[in-house]
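Please walk me through this structure, one selection at a time. I have it open in a viewer and I am new to it.

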Amino acid sequence: MSDRPIRVLLVEDNGEDARLVREALREVRNTRFELVHAERLSEALRRLSDDRFDVVLLDLSLPDGEKLDTVVRVHGHAKAVPVVILTGFDDEAMAVKALREGAQDYLVKGELDGNLLARAMRYAIERKRTEEEIQRHLQRITFLRDMSLATTSTLDLRGVLDILLEKIEPLLPFSAVTVRLLNRETGQLEPIACRSLDEDEWKAATRGADASLSRVLPASHAPAKIPNLQSDARSLAPDFARKHGLVSGLRTPLIVKGDVLGVLTFITKEEHDFGDDEVNFLLTLAGQAATAIHNAQLYEDMTRLAAELATSNRVKSEFLSCMSHELRTPLTAVLGYSAMIQDGLLGKTNPEQEKALGMVQRQADDLLTMINGILQATQIEARVVRAEFDAVDVVNLLDEIKSAYVYPFGYPLGNDVALRWDYPSTLPLIQTDKGKLKQILQNLINNAIKFTEQGTISVSARHYLEAETVEFRVADTGIGIAKELQTVIFQMFQQVDSSETRNHGGVGLGLYIVKNFTELLGGKVDLASEPEKGSIFTVTFPVANGEG
Ligand code: ADP
């Protein structure tokens with residue numbers, strides 16, 4: 001024990017007994033006792049509230065207390081102060097009960113001896129201290145577990161901070177806790193949240209102070225002990241500390257994967273030397289807090305990005321849809337007028353004019369196809385495309401498509417390219433959306449034509465009885481597609497970006513539409529291709545469709 005006297009609260013209604021205790025303790029060598037005498041239980045409880053004692057010497061027969069109940073009340077009032085019973089009742093059963101109620105020892109008055117009494121009190125103090133320490137460790141472990149559970153229950157940053165501060169508060173009585181987070185742009189630690197302080201006042205008090213990481217923490221990012229926040233040069237708001245009686249502080253870094261996110265500061269209102277054990281615990285706590293804060297920050301960033309992305313996607317879709325509508329109107333007029341000229345409604349045309357007119361029409365047709373493609377793709381994106389299922393005669397449909405690919409002058413087929421059609425004269429009716437199936441096949445055939453300079457393009461269809469599917473195939477002997485690009489080309493606006501492909505025009509929507517329409521109709525697309533050799537696109541549909 002140090003030279004500091006042991007402060008004893010003697011609770012004894014009998015003046016003579018009190019005098020005997022005082023004298024007995026006076027005889028003890030090597031230890032000084034400072035005795036405060038309370039004659040009643042009520043007075044004892046008041047003194048325990050107002051003052052600090054190392055030990056309570058408690059009589060069990062007080063005018064305002066009933067034996068064991070006295071122990072319960074004293075212990076309940078000052079849990080951290082050890083209680084030694086000093087009583088006239090030599091009653092073993094009562095002694096056991098008193099110990100169960102929290103007393104450290106049970107002494108009988110007749111046996112009083114100063115040295116024995118002093119030893120009993122010293123042991124009681126020591127036992128209590130160990131007990132408290134175990135209790136504190138247990139509390140810390142439970143606390144860390146609770147905190148980890150609680151802070152992972154929400155991903156909202158403010159929510160995480162509130163839970164964190166709420167949990168810390170009872171753990172550090174008479175204290176305040178603050179959280180500052182690093183603003184990566186300014187390099188300053190910004191005040192974010194606090195407990196046991198007026199948040200607005202605290203934030204205002206540190207406004208303008210240099211809160212750079214290098215000032216707040218040592219270069220090693222080790223925790224920083226500040227014995228007196230009111231006078232230390234590192235203090236960010238000494239006036240505020242003086243005003244509110246904030247004395248010692250411990251700054252612990254909030255570190256995740258080696259990066260400092262911010263600083264968690266624990267403040268006491270009395271001078272306090274944070275011991276190694278305490279610092280280690282608070283560092284562990286800060287580590288857990290950092291992870292929770294980091295997760296919440298990531299979630300916040302992600303939510304913001306997702307919202308931004310949704311907005312820009314909506315803007316893009318609206319722009320595309322609006323633009324294609326606007327372009328379609330004048331284009332329809334161009335096509336209409338050129339048809340009138342071609343039909344001779346505006347006078348006779350010579351062969352040269354007809355040739356030029358043919359060019360205008362083909363270009364305008366291409367443009368219209370492209371604009372319609374954009375419109376369809378934006379509708380797919382906006383998920384407003386619906387399929388209208390009906391029984392479709394496949395042979396009829398193929399005949400219809402075929403008739404549109406009869407080119408009297410060869411254009412746009414290359415000179416050395418043959419377009420072959422290969423399908424049986426009877427195929428089953430399939431439940432599908434005729435318009436969309438037609439478009440799927442046309443897109444595939446148009447691509448084959450675009451990307452084939454010589455050889456053959458064959459369009460075929462087969463019925464697979466067992467699988468109850470109909471398969472369409474568009475095979476070409478064109479430029480082919482490299483393996484690594486075979487999935488990418490089905491995405492919106494994706495093209496094999498070589499100058500060769502670019503020469504063929506298009507905006508990279510045809511296959512996106514093919515894939516989405518095929519899936520909408522319950523089918524699938526397969527691609528087999530080899531550069532320089534050609535490509536085979538296969539689309540397969542069920543004959544009967546659940547949605548039909
Ligand atoms: P677009 O034809 O408008 O560029 P698509 O989505 O129809 O858009 O096609 C995407 C890309 O896939 C094309 O730009 C081309 O690079 C490649 N591609 C599509 N079909 C073929 C084919 N039959 N042969 C070779 N490449 C093809």
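**Stop one: helix 5 and helix 6**

Select helix 5, residues 114-151, together with helix 6: the two pack with their axes 9 Å apart, at an angle of about 160 degrees. Angles over 145 degrees count as roughly antiparallel. That makes helix 5 roughly antiparallel to helix 6. Now look at how they pass: the crossing of helix 5 with helix 6 is right-handed. Keep in mind throughout that this is a predicted model.

Show side chains next. On helix 5, pick F143, D146, M147, A150 and T151. On helix 6, pick V160, I163, L164, K167 and I168. These residues make the contact. Colour them by class, and the contact of helix 5 with helix 6 splits into 7 nonpolar, 1 polar and 2 charged residues.

**Stop two: helix 6 and helix 10**

Helix 6 passes helix 10 in a right-handed crossing.

Which residues of helix 6 meet helix 10? Select L157, V160, L161, L164 and I168. Across from them, on helix 10, select L285, A289, A292, I293, A296, Q297 and E300. By class, the contact of helix 6 with helix 10 holds 10 nonpolar residues, 1 polar and 1 charged.

**Stop three: the ligand**

At K450, an N or O atom of the side chain is 2.8 Å from an oxygen atom of the ligand. At D476, a side-chain N or O atom is 2.9 Å from a nitrogen atom of the ligand. L511 uses its backbone: an N or O atom there lies 2.8 Å from a ligand oxygen atom.

**Stop four: helix 11 and helix 15**

Select helix 15, residues 510-520, and helix 11, residues 351-381. How do their axes cross? They come within 10 Å and cross at roughly 45 degrees. Helix 11 and helix 15 are therefore oblique to each other. Their crossing is left-handed.

Finish with the side of each helix that touches the other. Helix 11 brings G373, Q376, A377, I380 and E381 to the contact. Helix 15 brings Y512, I513, N516 and F517. Coloured by class, the contact of helix 11 with helix 15 shows 5 nonpolar, 3 polar and 1 charged residues.

Definitions and conventions:
Residues are numbered from 1 along each chain as its sequence is written. This is a predicted model: local features need pLDDT of at least 70, side-chain atom pairs count only at pLDDT 80 or more; totals for chains, interfaces and linings use all residues. Side-chain values use heavy atoms; hydrogens and water are left out. A crossing is left-handed if the near helix is turned anticlockwise from the far one by less than a right angle, and right-handed if clockwise. Helices (H or I, at least four residues) and strands (E, at least two) are DSSP runs, numbered from the N terminus. Contact means heavy atoms within 4.5 Å. Ala, Val, Leu, Ile, Met, Phe, Trp, Tyr, Cys and Pro count as nonpolar, Asp, Glu, Lys and Arg as charged, and the others, Gly among them, as polar. A polar contact is a pair of N or O atoms within 3.5 Å; within protein, one must be able to donate a hydrogen and the other to accept it, and residues adjacent in sequence count only if both atoms are side-chain atoms. Axes are lines fitted to C-alpha atoms, for helices over the stretch in contact, and angles run from 0 to 180 degrees between N-to-C directions. Angles under 35 degrees count as roughly parallel, over 145 as roughly antiparallel, 65 to 115 as roughly perpendicular and the rest as oblique.
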